[in-house]
Amino acid sequence: MMTADNVGPTRTGEFEQRLAKRYRAERNFKRMGQGAILFSVAVLIFLLGNMLLNGIGGFQRAELEVPIDFPESGVTGDEVSLTAPSALQVLELQGLDEVVYFYAEEALGEEAASQVSREAWRDVAAALQADPSLIERSETFYLPASSDLAAGLAGEGSPEMQALAQQLEAEGKLAENWDLGFLSRSDATSPQAAGIWGALKGSILTMIVTFLLAFPIGVLSALYLEEYAPKNRWTDLIEVSINNLAAVPSIIFGLLGLSVFLWLFPNYRSAPLIGGMTLALMTMPIIVISGRNAIKAVPPSIRDGALAIGASPVQVVFHHVLPLAMPGMLTGTIIGMARALGETAPLLLIGMRAFVATPPDGFTSPSTVLPMQIFLWSDEIDRGFVERTSAAIIVLLLFLLLMNGLAIYLRNKFEKTW
């Protein structure tokens with residue numbers, strides 16, 4: 001018979017010690033988890049802060065102040081001719097480059113005028129095309145300086161160039177200004193004239209091709225393997241192959257694109273079409289794996305209920321299973337597309353490591369992509385390209401956040417609860 005003294009466990013000293021040890025281990029584990037999170041956040045803040053500090057200069061450029069009197073310059077034109085596609089060639093034939101250099105020499109002196117970028121007249125031509133009324137009056141332009149003068153303004157380069165930069169800065173004729181044209185120009189040999197629009201447009205076109213190929217094929221493959229394929233050794237082999245493909249180094253897909261796609265389409269080297277097809281091969285296994293997991297997560301009661309009210313197997317899949325699995329499939333697509341956006345190794349092999357001075361006109365035009373542009377600029381010695389590299393990384397991260405934000409919005413829109 002149990003008495004009141006032996007009802008339940010007694011809290012002996014040994015029991016109290018074990019209990020305190022468990023609580024202490026729990027607190028230590030909690031502190032370790034918090035410390036790991038704080039360390040990760042600190043590293044992320046340091047990385048983003050370092051890129052922002054280095055990238056701010058990439059969104060600026062050294063510019064010289066040059067007033068131009070168009071009525072006195074001899075350059076002529078009207079709204080029709082200046083907005084025509086051939087306006088740039090017409091202005092070049094009229095000697096706009098010499099006009100710009102003449103007024104630069106008049107405003108800055110011969111030594112400083114020689115440091116105006118030789119492509120600065122194109123900025124003036126673009127301004128005339130945007131506003132033809134400028135041809136009837138005098139206007140002050142802020143033209144890009146040469147790389148040497150920009151380095152002198154940053155306190156680098158030769159002592160003579162640093163002295164000239166300080167003199168012009170003191171006179172208010174040289175300054176670091178925000179360069180919004182960085183987002184609208186393409187690659188150039190000078191960091192002062194370089195921009196990222198060509199590479200950014202190439203990335204957008206390449207991602208469109210990748211998505212249009214990888215997403216539907218990946219989703220349909222996942223549906224077939226999970227809902228229709230018989231369970232035998234062949235489907236087991238396909239599953240193992242897909243899992244292995246998801247872990248294959250990306251450069252292998254570049255070799256496949258080089259040996260297959262460029263053999264089939266030899267005239268489309270460096271084109272977003274070939275780049276997108278290559279990256280689609282790399283992205284599809286990830287979409288298939290995540291799609292199958294999302295389909296498995298749909299409760300069997302959904303299928304049983306749909307079949308019970310008379311739905312056909314195809315209606316069950318496309319009216320019930322697929323809508324419920326779509327959020328998980330979009331999650332896998334986000335991961336795959338994010339990986340593809342940052343890839344350079346496969347694109348190196350298919351020729352997208354190219355100097356492209358004009359944005360691509362379409363999916364078959366020569367192009368490069370943002371990660372490749374960053375790689376090429378990081379190999380330059382000029383400090384200006386170092387700053388442009390950091391600025392391009394910031395744009396790449398923003399592009400990635402925008403793409404992921406769109407995918408998350410679509411995932412939440414299609415998400416259903418049961």
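Colleague: How many aromatic pairs does the structure hold?
Modeller: The model is a predicted one. A pair of aromatic rings is described by the distance of the centres and the angle of the planes. The number of aromatic pairs in this structure is seven.

Colleague: Phenylalanine 70 and phenylalanine 141 form one of these pairs; what is its geometry?
Modeller: The ring centres of phenylalanine 70 and phenylalanine 141 are 5.9 Å apart, and the planes make 90°. An angle over 60 degrees counts as edge-to-face. The pair of phenylalanine 70 and phenylalanine 141 is therefore edge-to-face.

Colleague: How many residues apart are phenylalanine 70 and phenylalanine 141?
Modeller: Phenylalanine 70 belongs to helix H2 (residues 70–73), whereas phenylalanine 141 belongs to strand E2 (residues 138–144). The pair thus links distant parts of the chain, with a separation of 71 residues.

Colleague: Is phenylalanine 70 buried or exposed, and which of these applies to phenylalanine 141?
Modeller: Buried means under 20% relative accessible area. Phenylalanine 70 has 1%, and phenylalanine 141 has 9%. Because both values are under 20%, phenylalanine 70 and phenylalanine 141 are each buried.

Colleague: Are the rings of phenylalanine 211 and phenylalanine 215 stacked or edge-to-face?
Modeller: Phenylalanine 211 and phenylalanine 215 both lie in helix H10, four residues apart, which is about one turn of the helix. Their ring centres are 5.1 Å apart, with the planes at 10°. Planes under 30 degrees apart count as stacked, so this pair is stacked.

Colleague: In what order do the strands of the open sheet lie?
Modeller: The sheet has three strands with antiparallel pairing. E2 and E3 are the edge strands, each pairing on one side only. The order is E2-E1-E3.

Colleague: Which backbone oxygen does the side chain of arginine 185 reach?
Modeller: Arginine 185 is placed in the loop between strand E3 (174–178) and helix H10 (197–228). Arginine 185 has a relative accessible area of 17%, which means that the residue is buried, as this value is under 20%. At 3.2 Å, its side chain reaches the backbone oxygen of alanine 194.

Conventions:
Residues numbered from 1 in each chain as written. Predicted model: local features only at pLDDT ≥ 70, side-chain atom pairs only at ≥ 80, totals over all residues. Heavy atoms only, no water. Helix = DSSP H or I, 4+ residues; strand = E, 2+ residues; numbered from the N terminus. Buried < 20%, exposed > 50% of the residue type's maximum accessible area, 1.4 Å probe, protein only. Polar contact = N/O pair within 3.5 Å; in protein donor to acceptor, adjacent residues only side chain to side chain. Phe/Tyr/Trp six-rings, centres within 6.5 Å; stacked < 30°, edge-to-face > 60°. Pairing = 2+ DSSP bridges.
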